[in-house]
Amino acid sequence: MAKGKSKKLSTNHIAHLTKGAYVMGDKKDGKKKRVKDTQKAVGKTDYIVNSKYSDSGVTVYQHKNDSKNVVISHRGTAVGGKKGFTDLINDISFSAGFTPGYKKRFNQRKRTSERVIRDLKPTALHVSGHSLGGATANHSVSKSKLIRDNLTSLNTFNAATHPVLNKELRISKTEKAKLKGKVTHHRIENDSVSLGARVRSPFGGTVKTRKNPNAPKKEKGFLKKTIGKAPVVRALKATKESLDAHSLDNFIDK
């Protein structure tokens, strides 16, 4: 892999590394096992987990052929687990402007990222995050000149984003110009959490919206269509569609 800030990662590639942050963030196992499991999960990416800087909030990777090529992935909420619906509601609440209890987590992840930069001195720095992890990744970039000055790319996936109440993400025109071409916000149609990015994209980044590959097919037949129009059924379908759309797996090639 060539050195330098020009090296780009594919969406599939960075999504795999972002998913690895969920493995690293699962506290049911000890850190040694989590590092091993995370490495197994991202084995095809040619990136190695840096156990020193990785924790339940962020996972730090270095390319096996270039230790100065660094990826920092922010863990989001596990919408696919037993608490999936609750976590989705929490993310929607955040994207609606309700942010109690998040400040400490956001600042901690920013400080970890800054420490990584100071210690590892990357020549290529990729930052990513899904769901709430996308929000903390955006926050880190907005609040740290050190991160912005070293940033090669920022990729968020269905990031929790508020369309208006995003003063925390505002940076100067000069700083925004530095990020031109480096920021991409990926989202899936029908995802409720990332709707705000359609109205106002953080840092003026590119918003790429794709159709949900797992979207349910339209009901056929008069009876099925009639039942499908019932308010309760429509509400349940909307919730399921949002959960399905929010999954990080939608960005990973099978």
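In which helix do Glu 175 and Lys 178 both lie, and how many residues apart are they? Both belong to helix H7 (residues 173-178) and are 3 residues apart, about one turn of the helix. Helices (H or I, at least four residues) and strands (E, at least two) are DSSP runs numbered from the N terminus.

The model is predicted: local features need pLDDT of at least 70, side-chain atom pairs count only at pLDDT 80 or more, and totals for chains, interfaces and linings use all residues. Residues are numbered from 1 along each chain as its sequence is written, and side-chain values use heavy atoms, with hydrogens and water left out.

**View 1. Salt bridge between Glu 175 and Lys 178 in helix H7.** The closest N and O atoms of this pair are 3.0 Å apart. A salt bridge is a side-chain nitrogen of Lys or Arg within 4 Å of a carboxyl oxygen of Asp or Glu. Glu 175 is buried at 10% relative accessible area, whereas Lys 178 is partly exposed at 34%. Buried means under 20% relative accessible area, exposed over 50%, and partly exposed in between (1.4 Å probe, protein chains only).

**View 2. Salt bridge between Asp 149 and Lys 145 in helix H6.** The N to O distance is 2.8 Å. Asp 149 and Lys 145 are 4 residues apart in H6 (residues 145-150), so about one helical turn separates them. An α-helix has 3.6 residues a turn, so residues three or four places apart point the same way. Both partners are partly exposed: Asp 149 has 33% relative accessibility and Lys 145 has 44%.

**View 3. Network of salt bridges.** Lys 145, Arg 148, Asp 149, Glu 175 and Lys 178 are linked in this network. Across the whole structure, a search finds 12 salt bridges.

**View 4. Salt bridge between Lys 211 and Glu 189.** The closest N and O atoms here are 3.7 Å apart. Lys 211 lies in the loop between strand E7 (206-210) and helix H9 (222-228), and Glu 189 in the loop between strand E6 (183-188) and helix H8 (196-199), so the pair ties together parts 22 residues apart in sequence. Lys 211 is exposed, at 63% relative accessible area, while Glu 189 is partly exposed, at 34%.

**View 5. Helix H5 (residues 132-143).** The end C-alpha atoms of H5 are 16 Å apart, in agreement with the 16 Å that its 12 residues should span at 1.5 Å a residue. The expected span is 1.5 Å times one less than the number of residues. Of the 12 residues of H5, 11 are buried, among them Leu 132, Asn 138, His 139 and Val 141.
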